[in-house]
Amino acid sequence: MTDLAVATAPAPEADAELSHAATDQILRRLGVVTGTGAMIVMVLELPAVLVQPLDLSSWPEVHLIAAYLMFGALAIVSARGPVESIRRTAAAAAVCYLAATLATPLVYSVVHIGSFASWPYRGLAVGVLAAGLAWSRRTAAGYGALLAVGTSVANALVVPDSSVWALFGDITRGIGVAALFLWCAVYARAAAERVDREAVRQRARAAAVAATSAREREGARFAALIHDAVLSTLLEASRAQQSSSVLRNQAARTLEQLELSRTAPEIDHLDAAATIDFLREAVHDVAPEVAVQVSSRQAADLRLPLEAAQVLGAALAEAVRNSVRHADVAGRTVRRGVSVTIATGGIRVVLSDDGAGFDPARVSVDRMGIAGSILGRMRALAGGAAFVESAPGTGTVVTLVWGS
């Protein structure tokens, strides 16, 4: 029987992309919210800015737009641009806002018309959110404290009737607002990073489990191959009185199977025609005289996974081998036959003989031939099942079934 194998390789580049999926997503969302919110704040502040008393050399609308311009870029980059550009744009927005804050006393001589604070003080939160996106917790916290003090001092310089106690209250409130919004940004980023770390650990555990399972399956497959081919050949050699062409061919075929198990081609699925050829070869490798009959439902479309083909072929070969060894009856010829029925998404293989038969209940569970090489193989296969029906003197029927 031709042995087949599938070689699979991990995709480290996919893991690298997925390891920051949650962090990238939260950066994008926070960037869009911060940038869009800042632009809304700018539009709302513009009328109040234009009616304030100005120095003759100042340009208040330019001052306002310069503070918020990078926030518009932040919203666009977060929505459409590369992830690695979000933090750089957020850093630029935070620096521009701080610079505009420090320049406020140079632009405004005094604020009035019912205004209680200058606009940099009112928009403190957007600058802090940008810093939370751009930098580490410690750096962002330092920026938040600096911005809270800067906006409060600038506000005190342009708002009439300011006092030391008013300045102290403004700084306290500013630091409180900065801490609140910075905590929101930092907590969201930290939660996303935890999700990414856990995803990496879960994938590592899944890979380890898959590798262990693959090794176990390969060990079971190799053990079955040893039993089906190697031990069978050695048994026949021990019983033979002299060398024969049949024994030599069996030994050569066993060596070929072992070699193919090591250097098998990479195949994913077998179609109906390839499956029939594969199973017929599995039977004829053991007993060339056994006929294989095939019936297929009209328009049946079979895509048999490689693993299922391997298991079906190995289990069928072992069933035929057992029949040839144990089913003969003195004084008459035992008839054997294999029928293969193919339907869309499934296949059924039946080996029947009218030989000596046996009592399945009296077969030891640790017998490799039936328990391991036939029933065990099929039951371990996803979608697979196997049934052995027999009784002394009535022959044996082995049914192998796979369905997607």
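How many helices and strands does the chain have? I counted 13 helices and seven strands, taking DSSP runs numbered from the N terminus: H or I with at least four residues for helices, E with at least two for strands.

**Ground rules.** I am working with a predicted model, where local features need pLDDT of at least 70 and side-chain atom pairs count only at pLDDT 80 or more, while totals for chains, interfaces and linings use all residues. I number residues from 1 along each chain as its sequence is written, and side-chain values use heavy atoms, with hydrogens and water left out.

**Whole chain.** Next came contacts, that is, heavy atoms within 4.5 Å. Among contacts with a separation of 6 or more, 75% join residues 24 or more positions apart.

**Nonpolar cores.** My rule for a core is a set of buried Ala, Val, Leu, Ile, Met, Phe, Trp, Tyr and Cys residues joined through side-chain atoms within 4.5 Å. The largest one holds 39 residues, and Tyr68, Phe71, Tyr97, Trp119, Tyr143 and Leu147 touch the most other members. Two or more residues come from each of α2 (21-50), α3 (60-80), α4 (84-102), α7 (124-134), α8 (137-158) and α9 (164-239). Helix α4 gives the most, with eight residues. I also found a second, separate core of 34 residues, which includes Leu304, Leu316, Ile347 and Leu400.

What does Phe71 touch, not counting residues up to four places away in sequence? My list reads Thr34, Gly35, Ala38, Met39, Ala93, Tyr97, Val126, Gly127 and Ala130.

**Aromatic rings.** I paired rings of Phe, Tyr and Trp (its six-membered ring) if their centres lie within 6.5 Å; planes under 30 degrees apart count as stacked, over 60 as edge-to-face and the rest as tilted. That gave me eight aromatic pairs. The Tyr68 and Tyr97 rings have centres 5.6 Å apart and planes at 75°, so I noted this pair as edge-to-face. It links distant parts of the chain, with Tyr68 in helix α3 and Tyr97 in helix α4, 29 residues apart. Tyr68 is buried at a relative accessible area of 0%, and Tyr97 is buried at 0% too. Together, Tyr68, Phe71, Tyr97 and Trp119 form one aromatic cluster.

I checked a charge over a ring as well (NZ of Lys or CZ of Arg within 6 Å of the ring centre and within 35 degrees of the ring normal). Arg194 lies over the face of Tyr187, 5.9 Å from the ring centre.

**Ser118.** Is Ser118 buried or exposed? I have it as buried, with a relative accessible area of 4%. Ser118 sits in the loop between α5 (104-107) and α6 (119-122). Leaving aside neighbours within four places in sequence, Ser118 contacts Thr104, Asn155, Val158 and Val159.

For the expected span I used 1.5 Å times one less than the number of residues. Helix α11 (residues 272-286) has 15 residues and should span 21 Å; its end C-alpha atoms are 22 Å apart, which agrees. The buried residues of α11 are Ala272, Thr275, Ile276, Phe278, Leu279, Ala282 and Val283. Seen down the axis, they fall within an arc of 165°, so they line one face of the helix; the arc is taken from directions from the helix axis to the C-beta atoms. They pack against β1 (269-270), β2 (291-296), β3 (304-305), α12, β4 (336-343) and β5 (346-353).

As for α12, I found it mostly covered, with 17 of its 21 residues buried.

Conventions: Buried < 20%, exposed > 50% of the residue type's maximum accessible area, 1.4 Å probe, protein only.
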